[in-house]
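The following exercises are to be worked through with the sequence and the structure at hand. Each task is followed by a solution in steps.

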Amino acid sequence: MPELIEGNAVIGQSGGPTAVINASLVGVVEGLRRAGAGRPGHPILKILGMRHGVSGLTKGEFHDLTDLSADRLDRLATTPSAGLGSTRDKPDQAYCERIFEACEKHNIRYFFYIGGNDSSDTCRIVNELSNARGYELRCFHVPKTVDNDLMGSDHTPGFPSAARFVAKACMADFMDNISLPGIKINVVMGRHAGFLTAASAMARREARYGCESIGDGPQLIYVPEVAFDLDRFVQDVAEVYDRQGRCHIAVSEGIQDKDGQSIGALLIQGETDAHGNAQLSGSGALGDQLANVLKARLTPEGGKPPRVRADTFGYVQRCFPDQSPVDLAESRGVGRYAANLAMSGDIDGSVAIVRTSPIGADQPYASRFERIELSDVAAKTRHMPPEFIEGTNNVSQMFLDYCRPLVGELPRYERL
């Protein structure tokens with residue numbers, strides 16, 4: 001066994017919960033226990049869970065996971081949301097000082113943090129503090145985010161399950177749209193990256209099994225990576241509506257104009273989240289305002305306005321209990337891999353998912369995990385690559401081939 005320092009291991013969950021974040025928690029616990037953690041004579045004395053992330057760590061609030069039964073761990077792995085509780089705290093240098101002091105106080109030598117790019121940045125700062133103080137603390141970031149915006153990975157745990165929800169929700173919503181024709185807008189999560197909104201394209205029949213779609217929705221998809229122009233949006237909708245008598249639309253909450261100004265922020269004056277960002281997911285303002293614009297501009301002179309409705313998918317996207325099989329397996333796997341890194345002598349790092357199979361229709365899917373530097377992930381944002389985007393309101397075939405194996409098999413509905 002590589003030389004391990006004696007002390008406790010701690011695991012935390014951060015940011016928005018997902019359908020599979022608990023699978024990563026279980027993976028870390030399993031990886032540590034398989035190496036002997038918690039048994040007499042092993043250097044890792046206890047496996048502790050932070051209550052509500054680093055907020056609980058600084059208060060000394062823990063859940064002892066050392067002897068949690070295998071049955072409970074298996075159930076927890078398939079349970080959505082954050083079992084330990086999460087936090088939106090975004091630690092600065094002073095906050096990280098308190099995190100480091102809590103680690104010293106509770107003899108924590110192994111630090112695992114499950115979350116997005118802010119969580120990886122917390123790991124980085126705490127790791128640098130421990131190195132500067134000469135206190136050996138092995139810091140590992142375990143990736144998670146439904147936005148799919150972490151650097152270094154093909155995709156991020158949490159995204160495939162959220163994408164599965166978006167695809168199925170849009171499938172059902174499109175059936176509603178053709179039953180009672182009109183214009184329907186669905187606002188999907190994604191402040192800076194459009195992956196999740198793009199997954200709505202999986203609702204189209206030709207995207208799922210190659211048959212003729214005859215204009216299946218969503219016919220229009222708008223992502224943050226493409227500058228949003230309100231006049232062009234109205235024209236896009238008008239063309240589809242005039243041709244088909246209905247229009248089904250997916251819009252990212254993070255759409256922005258050519259100057260990089262968030263459309264949602266322009267419409268949601270004064271509402272901000274804990275980080276000072278415009279509160280997009282908890283408000284229906286973007287969808288409502290876009291609907292009002294369409295009603296005003298598409299009403300014929302002296303005529304009736306078109307039927308326009310908008311829904312904001314909101315938080316239900318994150319934790320809907322219909323996990324993608326690939327997501328469930330990989331999320332547990334990244335946790336185990338992080339634990340194995342710590343047990344093999346690595347002192348820090350993040351875990352990336354690398355796709356080892358080519359992207360293409362009918363290609364068998366395969367992936368592996370690898371360690372990457374915390375600095376490669378911390379506080380950075382990945383965007384949809386240009387090859388995943390088609391024009392100003394659509395996604396490419398390459399994106400569909402990329403996304404299909406991640407979301408898993410989707411239902412096949414009958415149409416008359």
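**Exercise 1.** Why does N107 count as partly exposed?

Solution. The model is predicted: local features need pLDDT of at least 70 and side-chain atom pairs count only at pLDDT 80 or more, while totals for chains, interfaces and linings use all residues. Residues are numbered from 1 along each chain as its sequence is written, and side-chain values use heavy atoms, with hydrogens and water left out.

Step 1. Buried means under 20% relative accessible area, exposed over 50%, and partly exposed in between, with a 1.4 Å probe and protein chains only.
Step 2. N107 has 28% relative accessibility, and therefore counts as partly exposed.
Step 3. N107 is located in the loop between α4 and β4, where helices (H or I, at least four residues) and strands (E, at least two) are DSSP runs numbered from the N terminus. Its phi is near 55°, a positive value in a residue other than glycine.

**Exercise 2.** Determine where S81 lies and describe its phi and its accessibility.

Solution. 
Step 1. S81 belongs to the loop between α3 (70–77) and α4.
Step 2. The phi of S81 is near 75°, which is positive although the residue is not glycine.
Step 3. With 29% relative accessibility, S81 counts as partly exposed.

**Exercise 3.** Characterise F140 and H141 in strand β5.

Solution. 
Step 1. F140 lies in β5, and so does H141, in the strand of residues 138–143.
Step 2. F140 is buried because its relative accessibility is 0%; H141 is buried because its relative accessibility is 0%.
Step 3. Neighbours within four places in sequence being left aside, F140 contacts residues including F111, C123, L341 and I347.
Step 4. With residues up to four places away likewise not counted, H141 touches, among others, S119, C123, S350 and V377.
Step 5. The side chain of H141 makes a polar contact of 2.7 Å with the side chain of S350. A polar contact is a pair of N or O atoms within 3.5 Å; within protein, one must be able to donate a hydrogen and the other to accept it, and residues adjacent in sequence count only if both atoms are side-chain atoms.

**Exercise 4.** Locate the cis peptide bond and state its omega.

Solution. 
Step 1. The bond joins G217 and P218 in the cis form, with omega about 0°.
Step 2. P218 is placed in the loop between α8 and β7 (220–222).

Notes: Contact means heavy atoms within 4.5 Å.
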